[in-house]
Amino acid sequence: MIHGFGFATPGLLLAAWLGAQGGPGVTLLWGGDAEGGAPFVEADPADASQVRGFDVEVAETIARGLGRHARFVQVQWSSIDQSVERGDFAIGLSGVEDTPARRAHHAVTVPYFSFREVLAVRSEDRDRFSGLATLRGRRVATLGGTMAYDLLLAARDSLDLIPVSYDDDVHPYADLVAGRVDAVLLDHIIAERALRRRAGTGFVIQPQAVAVGRYVGVLANPDSALRDSVDVVLRAAMRDGTLERIFRLWNVWDPSQGDLFRRVAGTALPEPTEAIARSASSVWAYLPSLGRAAAITALLSALSMAVAVVVGLVVASGRVYGPAPVRAVMTVYVEVVRGTPLLLQLFVLYYGLSGLVRLPAFLAAVLGLGLNYAAYEAEIYRAALEAVSRTQLEAARTLGFSEAQILRLVRGPQALRYALAPMTNDFVALLKDSSLVSVLTVVELTKQTAIYATNIGSWIVPGMLCAVVYLAMSLPLARLARGLERRWSAA
Amino acid sequence: MTALLAVHELRLTYEARDVLRALTVEVKRGEVVALMGLSGAGKTSALRAAAALQRFHAGRIVVDGFALEPGPVPPESRLRPLRRRVGLVFQGHALFEHLTALENVTLALTHVLRRRHEEADEAALQLLGSLGVGGRAGALPRQLSGGEAQRVAIARALAPDPALLLMDEPTAALDPARRGSLGRTLRRLAAGDGGREGRGLLIATHDTEFARAHADRVAVLADGVVVETGSAADVLDRPSHPATRALLAEGDGPTAAQNSSS
């Protein structure tokens with residue numbers, strides 16, 4: 001995992017990354033989304049290279065019970081199921097909900113936590129909007145792809161309310177207070193966290209739960225044997241009080257957990273333990289992880305651009321010099337890649353093809369970005385090659401140069417000058433597009449910033465830091481290109 | 001003495017139009033031949049066919065024993081012997097824009113003929129000097145005047161030492177004084193100097209002054225065939241064909257040197 005990296009050279013970083021994908025026998029790789037934040041999984045404010053949260057401790061408990069060492073893998077929350085199936089990690093634990101669909105397609109552990117789906121409404125609406133039935137025709141926000149969202153979809157048809165789906169669990173509450181939505185339906189842990197962030201003002205949480213759900217661990221469908229072992233460990237942890245201790249530590253314990261434990265493991269309530277104080281977060285604690293994430297972004301962009309340039313040259317040469325079938329294939333490649341979203345291509349490459357070839361996330365990211373940008377590079381190179389006057393090429397032929405020599409000595413060097421400015425543009429664009437690969441579990445600069453922002457509950461400082469780092473990388477590139485152009489066009 | 005270049009009954013169609021119908025022309029070693037005609041007469045097409053840059057549809061071209069047949073231009077690998085024998089100076093000079101004058105001349109020496117760099121530089125500087133542009137060796141093409149670029153292009157074509165030199169409107173970018181000096185240079189190239197063999201020169205031009213002063217023979221091209229041929233004096237002083245007279249009439253005009261050729 002990335003959080004464990006020191007300031008290593010790019011090559012070592014890559015090697016370490018690839019090594020981490022292998023999953024040695026003594027390690028239990030578990031996936032979660034640190035962007036989900038406390039108390040599930042969050043970057044440790046004291047040491048941003050570490051994660052903490054009750055799901056972290058549940059994972060460590062499971063690993064210990066299996067005689068292994070827990071190791072965290074960052075994954076986007078909505079991608080946990082696909083990632084575990086393709087083998088990025090053995091078990092996903094990050095407020096993963098127990099749903100019939102999940103049970104049907106994956107190996108799911110016994111539930112280890114019981115949560116309530118609760119409604120949050122503006123304080124003045126406390127009496128007006130007490131349940132879903134009172135929200136007829138109103139806008140109700142939640143996190144997309146959750147049980148709460150499914151509840152809202154069902155209510156859309158029966159109650160005529162309007163579900164509003166968000167990608168994160170912070171903005172729904174901000175929009176509730178701002179009046180953009182009339183209620184938020186989410187897990188009580190998330191609702192209470194949101195209320196604490198707002199110092200208890202702006203909205204209230206209705207005491208009556210809309211529904212009850214349970215958190216589970218999710219494993220790949222063929223891993224049912226491991227799932228059974230995990231179940232044994234979880235039941236033991238319910239009986240001996242380990243889980244209760246963890247939940248009390250994170251202030252998420254309530255009597256319904258005891259009921260759940262009794263149902264699942266047939267156990268009595270163990271002794272309570274004390275909660276710990278949370279340490280304050282600071283900007284300085286995050287700088288090392290931002291630095292590492294920036295290094296990932298820089299390395300990822302440089303490698304992707306190298307792939308894009310090499311493949312782009314091959315494609316452009318094919319389109320300019322190749323026979324008709326080669327030209328047709330290259331044209332199809334360029335049009336398909338340019339005509340479909342990069343995000344879709346990344347998903348297909350990483351998740352879609354995982355049955356055929358299981359690419360490590362970083363490699364998939366480099367290939368995805370590189371092959372996408374190769375299509376744009378190819379068009380730049382083709383235009384640049386065709387911009388070199390035909391009579392120069394004919395003059396070269398009359399002098400006895402081979403076609404390869406003409407490309408190398410006459411056409412290529414001039415085309416490079418034409419291509420330089422658009423290439424620089426593309427490199428800068430790629431640098432920023434590299435943020436998309438966070439969907440493949442790669443924690444790069446933007447993802448790390450999002451984790452950081454969620455952790456401290458503000459985007460202002462993280463956003464500015466992140467922008468400064470991107471500019472620090474892109475501005476010198478533009479400067480370099482201008483310098484080269486000036487030198488080549490010197491009168 | 002057999003001809004260095006023998007073009008026989010050349011037919012060349014371009015976009016459904018017969019540019020050349022049955023062109024027959026010969027150039028011997030030591031000879032400067034002016035291929036004359038109005039704009040669009042097909043002079044450039046004839047040169048391009050002889051330099052194997054352009055397909056032709058009937059007839060035959062033989063360059064110093066190397067025969068070109070009708071049909072598509074053969075791949076470069078089969079044209080090596082021809083490339084060694086023929087140099088072509090393009091009307092727009094077509095210098096390599098990213099290289100200096102000197103590098104334009106040495107590029108073929110070092111990469112095609114595999115000469116050492118110092119040797120190539122020395123030969124190129126000597127050539128540029130003999131054409132009066134030795135002082136411009138370090139300049140890029142866009143820094144050269146039209147006349148300078150023209151002479152660098154001639155030096156580039158001459159560097160591999162071809163037996164046959166084809167030139168397309170070499171005087172187009174030159175003032176009258178430069179034209180005279182170019183003409184003398186071309187005569188020297190044709191005659192051979194310092195014990196070396198002479199070359200054959202085929203010059204596409206509509207510059208009657210230049211042809212009269214410097215060409216051994218003139219072939220006038222009209223309607224895709226040579227309508228009149230003979231010594232420069234015979235053809236240009238006593239024209240027998242209307243096309244030749246039209247050419248001479250145009251040559252009297254003040255803008256003759258700026259006209260472009262096909």
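Predicted model: local features only at pLDDT ≥ 70, side-chain atom pairs only at ≥ 80, totals over all residues.
Let's start in chain A, with a pair of helices. H12 of chain A covers residues 324-339, H14 of chain A covers residues 361-387, and the two pack with their axes 9 Å apart at an angle of about 120 degrees. That angle makes H12(A) oblique to H14(A). As for handedness, H12(A) passes H14(A) in a left-handed crossing. So who touches whom? On the H12(A) side you'll find A:Tyr333, A:Val334, A:Val337 and A:Arg338, while H14(A) brings residues including A:Leu371, A:Ala375 and A:Glu379. Sort the residues of this contact by class and you get seven nonpolar, one polar and two charged.

Now hop over to chain B and look for helix H5, residues 146-158. H5(B) is mostly covered, with eleven of its 13 residues buried. Among the buried ones are B:Val152, B:Ile154 and B:Leu158, but also B:Glu148 and B:Arg151. What does the covering? The cover includes strands S6 (86-89) and S7 (164-168) along with helices H3 (101-111) and H4 (117-130), which belong to chain B.

Finally, see where the chains meet: 21 residues of chain B and 18 residues of chain A take part in the contact. On chain B's side, the elements giving two or more residues are H2 (76-85), S6 and H3. H2(B) gives the most, with four residues. By class, chain B's side has eleven nonpolar, five polar and five charged residues.

Definitions and conventions:
Residues numbered from 1 in each chain as written. Chains lettered and ligands numbered in written order. Axes fitted to C-alpha atoms, helices over the stretch in contact; angles between N-to-C directions. Parallel < 35°, antiparallel > 145°, perpendicular 65-115°, else oblique. Left-handed = near helix turned anticlockwise from the far one by under 90°. Contact = placed C-beta atoms within 7 Å. Nonpolar A, V, L, I, M, F, W, Y, C, P; charged D, E, K, R; others polar. Expected span 1.5 Å × (residues − 1). Buried ≥ 20, exposed ≤ 12 C-beta atoms within 10 Å, placed from the backbone.
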